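Please keep the sequence and the 3D view at hand while reading.

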Amino acid sequence: MTLILRGRRWGFSLEDIRQWLLIYENEGTDAQMKSWVELATGQLEELKEQRKQLDTVIDELQKQRDDVAKSLN
């Protein structure tokens with residue numbers, strides 16, 4: 001259960017987690033760990049891109065808010 005909760009927290013789909021667990025049952029620990037590294041690498045890239053986009057949106061909103069606040073003074 002802990003693995004599922006961590007996986008969800010890190011943004012993995014339940015299907016990704018299910019597939020990863022099946023690898024252990026069918027192919028063993030080494031194959032599962034190799035698959036984990038590949039999945040984690042992909043997820044890290046996706047999260048970094050989301051963070052980059054979020055930082056851009058935050059900067060834009062902050063600038064707009066600051067501009068409007070200045071115009072009120």
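## The cavity

In this predicted model, a search of the whole structure finds one cavity of 30 Å³ or more. The largest cavity holds about 60 Å³ of space, and its lining consists of Leu3, Gly7, Phe12, Asp16, Ile17, Trp20, Trp36 and Leu39.

Sorted by class, that lining comprises six nonpolar residues, one polar residue and one charged residue. Helix 2 makes the greatest contribution to the lining of the largest cavity, with three residues.

## Helix 1 against helix 2

Two packed helices are described by the angle between their axes and the distance between the axes. For helix 1 (residues 2–9) and helix 2 (residues 14–27), the angle is about 135° and the axes lie 9 Å apart. Because roughly antiparallel packing requires an angle over 145 degrees, helix 1 counts as oblique to helix 2. The crossing of helix 1 past helix 2 is right-handed.

On the helix 1 side, the contact is formed by Leu3, Ile4, Gly7 and Arg8, while helix 2 brings Leu14, Ile17, Trp20 and Leu21 to it. By class, the residues in this contact of helix 1 with helix 2 are six nonpolar, one polar and one charged.

## Helix 2 against helix 3

Helix 2 and helix 3 pack with their axes 7 Å apart and at an angle of about 155°, which means that helix 2 is roughly antiparallel to helix 3. Helix 2 passes helix 3 in a crossing that is right-handed.

Helix 2 contributes Asp16, Trp20, Leu21, Ile23, Tyr24 and Glu27 to this contact, and helix 3 contributes Thr29, Ala31, Gln32, Met33, Ser35, Trp36 and Leu39. The class count for the contact of helix 2 with helix 3 is eight nonpolar, three polar and two charged residues.

Terms used: Residues numbered from 1 in each chain as written. Predicted model: local features only at pLDDT ≥ 70, side-chain atom pairs only at ≥ 80, totals over all residues. Heavy atoms only, no water. Axes fitted to C-alpha atoms, helices over the stretch in contact; angles between N-to-C directions. Helix = DSSP H or I, 4+ residues; strand = E, 2+ residues; numbered from the N terminus. Parallel < 35°, antiparallel > 145°, perpendicular 65-115°, else oblique. Left-handed = near helix turned anticlockwise from the far one by under 90°. Contact = heavy atoms within 4.5 Å. Nonpolar A, V, L, I, M, F, W, Y, C, P; charged D, E, K, R; others polar. 1 Å grid on protein atoms, 1.4 Å probe; cavity = no way out; pocket = protein on both sides within 12 Å on 5 of 7 lines; lining within 4 Å. Points joined across faces, edges and corners; volume = space filled by probe spheres on them.
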